[in-house]
Amino acid sequence: MPAPTTDLFLLEDIEDASRTRELAESDRNALRAVADWTRTFVARPHKDIGRDGPVCPFVPIAWEHRTLWLVAERSTGRSAPDIVQRIDGYKRMLLAAQPVDGGNANYKSIVVVFADLPAARAKDLFDGVLQQIGVSSYVDDGLVIGPFYEGNDGSAIYNPSFRPFTSPVPFLLMRRAVISDWKFFLNDEDWLGRWARRYGESAVEALADELRRLPWRGSRN
């Protein structure tokens, strides 16, 4: 499945000199670093993740389906509104990319790599961007946008000591929202409420299915 624009690169494109020759060397290096990290860390199991399977279970499937794209961006000289406008453009690309409907659409994602952004500035910049578009992207567009950068203290769901969001180069990941996202929202009432409104009765069933797997009834004494 082809990328929706020549500005976007599949993981395998980044090692193809004919595809990346027009990029600045710093952009190529940043994309390669994130692509290597994705292949060797995110798409593989890890002993500290707290469950079976790869660090992100969606990535191997998106990689196989050719629906995981990377793009290089710059932050220098751009305000948060400027970057928001760029992110809005990538959101439209992601929503328009095939497949638009069906279960396979959930494996589409775009990784916006900020090649020139120091890790020390990433949190403030990304927080400012997400304050402007994080909620509307989820409520109106059905997209989740998450920040990755060195020093990100976000923890894994099943192991609070494991930090899977510490990438070698700062980037924003945008992907389709899925019903299992409640696990990320469980400790945030506002986001859990948005999730519940999005999925309605299906949300109740998803939580009930999780509860059925727990031994809570047998331990009540």
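Ser75 touches Ile83, Phe114, Asp116, Leu117, Arg121 and Leu125, leaving aside residues up to four places away in sequence; contact here means heavy atoms within 4.5 Å. The model is predicted, so that local features need pLDDT of at least 70 and side-chain atom pairs count only at pLDDT 80 or more, while totals for chains, interfaces and linings use all residues. Residues are numbered from 1 along each chain as its sequence is written, and side-chain values use heavy atoms, without hydrogens and water. Ser75 lies in the loop between strand 2 (68-73) and helix 4 (80-96). Helices (H or I, at least four residues) and strands (E, at least two) are DSSP runs, numbered from the N terminus. With a relative accessible area of 3%, Ser75 is buried; this term means under 20% relative accessible area, with a 1.4 Å probe and protein chains only.

Strand 3 (residues 109-114) has 6 of its 6 residues buried. Ser109, Val111 and Val113 point one way from the strand, whereas Ile110, Val112 and Phe114 point the other way. Strand 2 and strand 3 pair in the parallel sense over 6 bridges, pairing being assigned where DSSP finds at least two bridges between two strands. Within strand 3, Phe114 stands opposite Glu73. The β-α-β crossover from strand 2 through helix 4 to strand 3 is right-handed: with the strands pointing away from the viewer, the path from the first strand over the helix to the second runs clockwise. Strand 3 also pairs with strand 5 (residues 171-176), in the antiparallel sense over 5 bridges. Met174 in strand 5 is the bridge partner of Ile110.

Terms used. Buried means under 20% relative accessible area, exposed over 50%, partly exposed in between (1.4 Å probe, protein chains only).
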